[in-house]
Amino acid sequence: NKLWRSQQIGAAIGSAGPCGRILVQGEPGWDIIPELKPLPSEIVIDKPGKGSFVGTNLDLILRSRGIQNLILAGVTTDVCVHTTMRNANDMGYECLLLQDCCAATDPKNHDAAISMIHKQGGVFGSVSTSQEFVECMTILFPMAEEN
């Protein structure tokens, strides 16, 4: 279980850490950093596990808005991001992972996770870089020229 595993690595859930109690909602270490604070109108999904769909209303939120394509980024590539991507693909979403917007505790794990996505022609999604993504979006949705 999560508590036992966290105790084994010396970072037990609820114990004191450098940013307050570890993995406790309301503590400074739980909060989103100021540079990434969501706007008041933005939805925040508080995921209790490795994937963003289990134990959350993310699927309901996406489907009620007609969203079918997901862009994934975050940590850790090999656990949380991969789990979310695989779950999303199984649920019928088209997934794109931005490899330079993800990281893992070990770079080899990140590389392996990216490699797995490429297998079998993108068995559960696609991979790109943020630069390639922005370039494509700029072509597909050009900004109106200022007069």
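Visitor: Let's start with D46: is this residue buried, exposed or partly exposed?

Guide: We are looking at a predicted model, where local features need pLDDT of at least 70, side-chain atom pairs count only at pLDDT 80 or more, and totals for chains, interfaces and linings use all residues. Residues are numbered from 1 along each chain as its sequence is written, and side-chain values use heavy atoms, with hydrogens and water left out. With a 1.4 Å probe and protein chains only, buried means under 20% relative accessible area, exposed means over 50%, and partly exposed lies in between. D46 has 39% relative accessibility, so D46 counts as partly exposed.

Visitor: Which side chain makes a polar contact with the side chain of D46?

Guide: Contact means heavy atoms within 4.5 Å, and leaving aside neighbours within four places in sequence, D46 is in contact with Q25, W30 and T56. A polar contact asks for a pair of N or O atoms within 3.5 Å; within protein, one must be able to donate a hydrogen and the other to accept it, and residues adjacent in sequence count only if both atoms are side-chain atoms. At 3.2 Å, the partner for the side chain of D46 is the side chain of Q25.

Visitor: Where does L23 lie, given its positive phi?

Guide: Phi of L23 is near 55 degrees, which is positive in a residue other than glycine. L23 counts as exposed because its relative accessibility is 57%. Helices (H or I, at least four residues) and strands (E, at least two) are DSSP runs numbered from the N terminus. Using those names, L23 lies in the loop between β2 (20–21) and α2.

Visitor: And Q120, which also has a positive phi: is Q120 buried or exposed?

Guide: Phi of Q120 is near 50 degrees, and Q120 is not glycine. Q120 lies in helix α4. Its relative accessible area is 71%, so Q120 is exposed.

Visitor: How are α3 and α4 arranged relative to each other?

Guide: Axes are lines fitted to C-alpha atoms, for helices over the stretch in contact, and angles run from 0 to 180 degrees between N-to-C directions. Here the two axes come within 9 Å and cross at roughly 20 degrees. Angles under 35 degrees count as roughly parallel, over 145 as roughly antiparallel, 65 to 115 as roughly perpendicular and the rest as oblique. Therefore α3 and α4 are roughly parallel.

Visitor: With which side chain does H110 make its polar contact?

Guide: H110 belongs to helix α4 and is buried, with a relative accessible area of 13%. Not counting residues up to four places away in sequence, H110 touches T77, Q99, C102, A103 and A104. The polar contact, at 2.7 Å, joins the side chain of H110 to that of T77.

Visitor: Which members of the largest nonpolar core touch the most other members?

Guide: A nonpolar core is a set of buried Ala, Val, Leu, Ile, Met, Phe, Trp, Tyr and Cys residues joined through side-chain atoms within 4.5 Å. The largest one has 16 residues, and the elements giving two or more of them are α2 (58–64), β3 (69–75), α3 (77–90), β4 (94–103) and α4 (107–122). The members touching the most others are F53, L70, M85, Y93 and L97.

Visitor: Which peptide bond is cis, with omega near -5 degrees?

Guide: Look at T76, placed in the loop between β3 and α3. The cis bond is the one from V75 to T76.
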